[in-house]
Amino acid sequence: MDALPVWPAYLFTTLLFLGIAVASLRLPPARAFADAPDRRRWRDIRWWAVALIVVQLGLYGVFSG
């Protein structure tokens with residue numbers, strides 16, 4: 001098992017995270033602001049999801065190498 005390359009797993013995981021980010025950005029605004037009392041930009045859950053994914057990818061990059 002040690003002879004197998006690890007880069008395909010890294011690539012797959014990164015692409016999976018990016019796919020989740022793209023999918024969250026494709027949510028319609030009505031779903032993104034579901035129970036928000038107003039439509040202020042900081043309440044848009046799509047951007048929070050992307051921010052968390054960026055943090056997760058950063059941590060993955062730091063601790064995977």
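Q: Which helix is Leu52 found in?
A: Leu52 is found in helix H3, where helices are DSSP runs of H or I with at least four residues, strands are E runs of at least two, and both are numbered from the N terminus. This is a predicted model, in which local features need pLDDT of at least 70 and side-chain atom pairs count only at pLDDT 80 or more, while totals for chains, interfaces and linings use all residues. Residues are numbered from 1 along each chain as its sequence is written, and side-chain values use heavy atoms, with hydrogens and water left out.

Q: Is Leu52 buried or exposed?
A: Leu52 is exposed, because its relative accessible area is 56%; buried means under 20%, exposed over 50%, and partly exposed in between, with a 1.4 Å probe and protein chains only.

Q: And how far apart are the C-alpha atoms of Leu52 and Ala21?
A: They are separated by 9.3 Å, although the two residues lie 31 residues apart along the chain.

Q: At what angle do H1 and H3 pack?
A: H1 and H3, the latter covering residues 45–64, pack at about 170 degrees with their axes 8 Å apart, the axes being lines fitted to C-alpha atoms over the stretch in contact and the angles running from 0 to 180 degrees between N-to-C directions. The two helices are therefore roughly antiparallel, given that angles over 145 degrees count as roughly antiparallel, under 35 as roughly parallel, 65 to 115 as roughly perpendicular and the rest as oblique.

Q: Which residues in H1 and H3 meet?
A: Among them are Tyr10, Phe17 and Ala21 in H1, and Trp47, Ile53 and Tyr60 in H3, where contact means heavy atoms within 4.5 Å.

Q: Where is Tyr10 found, and how accessible is Tyr10?
A: Tyr10 is in helix H1, which spans residues 7–25, and Tyr10 is partly exposed at a relative accessible area of 30%.

Q: Changing topic, how many salt bridges does the structure hold?
A: The structure holds two, a salt bridge being a side-chain nitrogen of Lys or Arg within 4 Å of a carboxyl oxygen of Asp or Glu. Arg43 pairs with Asp38, with the closest N and O atoms 2.5 Å apart, and Arg46 pairs with Asp44 at 2.7 Å, N to O.

Q: Are Arg46 and Asp44 buried or exposed?
A: Arg46 counts as buried because its relative accessibility is 13%, and Asp44 also counts as buried, at 5%.

Q: What about Arg43 and Asp38, buried or partly exposed?
A: Arg43 is partly exposed, with a relative accessible area of 27%, and Asp38 counts as partly exposed at 27% relative accessibility.
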